[in-house]
Amino acid sequence: MTEVTTDDSHVFSLIDNKRDDLVELTQDLIRIPTLNPPGDCYLEICEYLEKRLSKSGFETELIRAKDSPGDSDKYPRWNIVARKEGQKSGECVHFNSHTDVVEVGKGWTKDPFGAEIEGDLIYGRGTCDMKGGLAASIIAAEAFIEAYPDFAGSIEISGTADEETGGYGGVAYLAEKGYFSPSRVQHVIIPEPLNKDRICLGHRGVWWAEIETKGRIAHGAMPFLGDCAVRHMGAVLNKIEDELMPALYDRKTSMPVVPEGARHSTLNINSLHGGQAEPEEGFTGFLSSCVPDSARLVIDRRYLIEEEEEDVREEIIDLLERVKRERETFEYDIKELWKVTPTMADKNAPVVQAVHQAIGSVLKCEPSYVVSPGTYDQKHIDRIGKLKDCIAYGPGILDLAHQPDEYISIKDMLDSAKVMAQTVKTLLYPDHLNE
Ligand SMILES: [Zn+2]
């Protein structure tokens, strides 16, 4: 752990002096209701950030993810990338935040877009996930530039669309266009709300599929003349329950996933449908008497870094083939719906080391490493951008994300802004190591 030098305390007091600015910035961001779906106000928030960051000396670029899923003239997917060059050549540290927020939902006692302050807390949809993190990273970058104008390399800040719906109109699009290629960016921090003293190294993998079992329609009074697709699906569910579930539970990862339950492989039965669709108004008891000829099951399999996607798929197909051997007329189809490879930064990676050291010197505690049970935009940076030196680190309590009365602590934002500024200093102003 390094001692805090006089220099460090200078940038820290700059950040403390920016408290009101940080609060106002967070409030302004909350008051732009970037709800996704449908993907509202993206241009508005990008223009706000453009104004703010160009004032601080950043070159800004607004990029529309034209024709990405969800992009339309009514709801265009706008993103912003801002870059500030240092005075010498060097590496680039990039802060990436998503600008979208999830629906408001029920149970609020505060105005979800009012950004009300109570004591140390700011309330509103997106305070924690993740406009508080975005604001903290902006303050951190501005304070760093002010304190060390002669830094080497460059700092980038991006505000991207659609993370809550997969990130295809945001980080995935930018990665496809080369914005996260290792020749341009070397270190990425995503200020998602993982708690200010934790470093999130990555996330588990995802494999979604739809399984359809097939039957033959017949009169419900003579089911023996047909073949019931729902009974076939029942056999599939039995195998999942009796054989697959225990096998998944037996697998445990060395990834530090939180909560602990997610250190095992998991499978969620997302939905199940067989037979005739119920009428919109609800079940009335008057469906026609038929044997269902199709049943569909959607599964959401989350897998570990120790598993291969190929094996995850094969395991399901094997199970279906076993059912087939036991049931004469069993026929099925399987369709992959969505997949994400697990990703985990190395603990010795430069950005991990730098944040680790910064948490130690700012918060005087030993940081913990975590891995997220679900995915976030790191997947695109890793898989499309081929950039491995990427983590999530930011203020906010993860459990509050997507909840009613979501809030962020101003103190936590200030603390994590200091950690971020110190991290940038380690990566872009290495001379201090010799002081
Ligand atoms: Zn988020």
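Visitor: Which residue in β6 does E85 stand opposite?
Guide: E85 stands opposite S154. Keep in mind that this is a predicted model.

Visitor: OK. How many bridges join β2 to β6, and do they run parallel or antiparallel?
Guide: Six bridges join them, and the two strands run antiparallel. Strand β6 covers residues 152-160.

Visitor: What about β1 and β2, how many bridges there?
Guide: Six bridges join β1, residues 59-64, to β2, and this pair runs antiparallel. As an example, L62 has I80 in β2 as its bridge partner.

Visitor: Why is β2 largely enclosed?
Guide: Six of the eight residues in β2, which spans 78-85, are buried, so the rest of the structure largely encloses the strand.

Visitor: What holds paired strands together in general?
Guide: Strands of a sheet pair through backbone hydrogen bonds.

Visitor: Back to β6. Is T160 buried or exposed?
Guide: T160, which lies in β6, has 30 C-beta neighbours inside 10 Å; the cut-off for buried is 20 or more, so T160 counts as buried.

Visitor: Which residues is T160 in contact with, apart from those within four places in sequence?
Guide: T160 is in contact with N79, N96, H98, T99, G170, V171 and L174.

Visitor: And how far apart are T160 and T341?
Guide: In sequence they are 181 residues apart, and in space 21 Å, C-alpha to C-alpha.

Visitor: New topic. What is the order of strands in the open sheet of three?
Guide: The order is β4-β5-β16, with antiparallel pairing. Strands β4 (117-118) and β16 (407-409) each have a single partner strand, so they stand at the edges and one side of each has no neighbour in the sheet.

Visitor: Which helix packs on that sheet?
Guide: Helix α10, residues 410-428, packs on the sheet and touches β5 and β16. The direction of α10 makes about 60 degrees with that of β16.

Visitor: How do β4 and β5 pair?
Guide: They pair in the antiparallel sense over two bridges, and E118 has L121 in β5 as its bridge partner.

Visitor: At what angle do α4 and α10 cross?
Guide: The axes of α4 (residues 127-147) and α10 cross at roughly 45 degrees and come within 8 Å. That angle makes α4 oblique to α10. The crossing of α4 and α10 is right-handed.

Visitor: Which residues meet there?
Guide: Among them are G132, A136 and F144 in α4, and M413, A417 and K425 in α10. By class, the contact of α4 with α10 has 12 nonpolar, three polar and one charged residues.

How values were computed: Residues are numbered from 1 along each chain as its sequence is written. This is a predicted model: local features need pLDDT of at least 70, side-chain atom pairs count only at pLDDT 80 or more; totals for chains, interfaces and linings use all residues. A residue is buried if 20 or more other C-beta atoms lie within 10 Å of its own, exposed if 12 or fewer, and partly exposed in between; C-beta atoms are placed from the backbone. Helices (H or I, at least four residues) and strands (E, at least two) are DSSP runs, numbered from the N terminus. Two strands pair if DSSP finds at least two bridges between them. Two residues are in contact if their C-beta atoms, placed from the backbone, lie within 7 Å. Axes are lines fitted to C-alpha atoms, for helices over the stretch in contact, and angles run from 0 to 180 degrees between N-to-C directions. Angles under 35 degrees count as roughly parallel, over 145 as roughly antiparallel, 65 to 115 as roughly perpendicular and the rest as oblique. A crossing is left-handed if the near helix is turned anticlockwise from the far one by less than a right angle, and right-handed if clockwise. Ala, Val, Leu, Ile, Met, Phe, Trp, Tyr, Cys and Pro count as nonpolar, Asp, Glu, Lys and Arg as charged, and the others, Gly among them, as polar.
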